[in-house]
Amino acid sequence: MDLAPSALFSCAGQVAIVTGAGTGIGRACAEALAWAGSRVVLAGLPASQPAVAAAELVGQGLEAIGVDCDVTDAAALRDLVDTTVQRWGRVDTVVANAGAALDGFSGDEDEALDRMLSLHVRSVSRLAELALPVMASTGGGSFIVMSSIAGLRGNRVISGYGVTKAANAQIARNIAVQWGGRGVRANAISPGVIATDFAAPITADPEAAAARLARTPLGRFGRPEEVAGAVVWLASRAGAFVSGQNIVIDGGTMISD
């Protein structure tokens, strides 16, 4: 058994789909998987320019393509999986990362909740329905759902976001039970505050930032690569016996008194 990190954490020969991959955590996950040996499909809204992000990876000698994809569009999701299979013949890893916190921004809380349900719950379920049979047909793989600590605790402001993130973590547990017999592992990752544009309402607000850091034992915000590292672990042989878990990456926020 080869226990060298270069083998244990290798994703060589794999094909990965990452949604919300144009920026932030998604971009970091796509890049880390590519450096670990995966051929990566970066999916994102046109405004996030996934093709540009993919071209930057190709420029570093990695294998990647970018696909414009609104994950709330069922046809676009089907095209995403079809494009991946047509290009590389398989799907080994899916990172369902696309998301948005819309509470309090739309002026219509019912509309915001419905949009987040579509984005965090329906789209993840649809992507799973499309990708899991492909993954199982070649022996299995790793389906990773990007959840949030907002789905593990009460929230004063982003309550709808927390509800939908709790639900998408449950999708990962369901997949783990339903597809484990066909070699599919499924897990959720729940980041705390990671220093990206997505988290700017906290990180760029001195009062909000100080309050969050006071409740975080490590005393800092996370970095995208610290989430991406867990994704590589779950996609690789090192994570081959991990399934049905919700892995918290938050600097200790959830356990702080």
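Angles under 35 degrees count as roughly parallel, over 145 as roughly antiparallel, 65 to 115 as roughly perpendicular, and anything else as oblique. These legends go with a predicted model, where local features need pLDDT of at least 70, side-chain atom pairs count only at pLDDT 80 or more, and totals for chains, interfaces and linings use all residues. Numbering runs from 1 along each chain as its sequence is written, and side-chain values use heavy atoms, with hydrogens and water left out.

**View 1. Helix 5 alongside helix 6.** Helices (H or I, at least four residues) and strands (E, at least two) are DSSP runs, numbered from the N terminus. The axes of helix 5 and helix 6 (residues 159–179) come within 9 Å and cross at roughly 15°, so the two helices are roughly parallel to each other. Axes here are lines fitted to C-alpha atoms, for helices over the stretch in contact, with angles from 0 to 180 degrees between N-to-C directions. Contact means heavy atoms within 4.5 Å. On the helix 5 side look for residues including L113, M116, L117, H120 and V121, and on the helix 6 side for residues including G160, Y161, T164 and W179. By class, this contact has 14 nonpolar, five polar and one charged residues. Ala, Val, Leu, Ile, Met, Phe, Trp, Tyr, Cys and Pro count as nonpolar, Asp, Glu, Lys and Arg as charged, and the others, Gly among them, as polar.

**View 2. Helix 4 against helix 5.** Helix 4 (residues 74–88) and helix 5 (residues 109–137) have axes that come within 10 Å and cross at roughly 25°. That makes helix 4 roughly parallel to helix 5, and their crossing is right-handed. From helix 4, A74, L77, R78, V81 and V85 meet S123, R126, L127, L130 and V134 of helix 5. Sorted by class, the residues of this contact are seven nonpolar, one polar and two charged.

**View 3. Zooming in on L77 in helix 4.** L77 is buried, with a relative accessible area of 0%; buried means under 20%, exposed over 50%, and partly exposed in between (1.4 Å probe, protein chains only). Leaving aside neighbours within four places in sequence, L77 is in contact with C69, V71, S123, R126, L127 and L130. L77 and L130 are 53 residues apart along the chain, yet their C-alpha atoms are separated by 8.0 Å.

**View 4. The cysteines, with zero disulfides.** A disulfide is a pair of cysteine sulfur atoms within 2.5 Å. The sulfur of C11 has its closest cysteine sulfur in C29, 11 Å away, which is too far for a bond. C69 is in no disulfide either, as the nearest cysteine sulfur, again that of C29, is 17 Å away. C11 is buried at 0% relative accessible area, and C69 counts as buried at 4%.

**View 5. S236 in the loop between helix 9 (224–235) and strand 7.** S236 is buried, with a relative accessible area of 2%. Not counting residues up to four places away in sequence, S236 touches L8, F9, S10, C11 and R185.

**View 6. V248 in strand 7 (residues 246–249).** V248 is partly exposed, at 35% relative accessible area. Beyond neighbours within four places in sequence, V248 is in contact with I149, L152, S190 and M254. V248 and I189 sit 59 residues apart in sequence and 6.0 Å apart in space, C-alpha to C-alpha.

Conventions: A crossing is left-handed if the near helix is turned anticlockwise from the far one by less than a right angle, and right-handed if clockwise.
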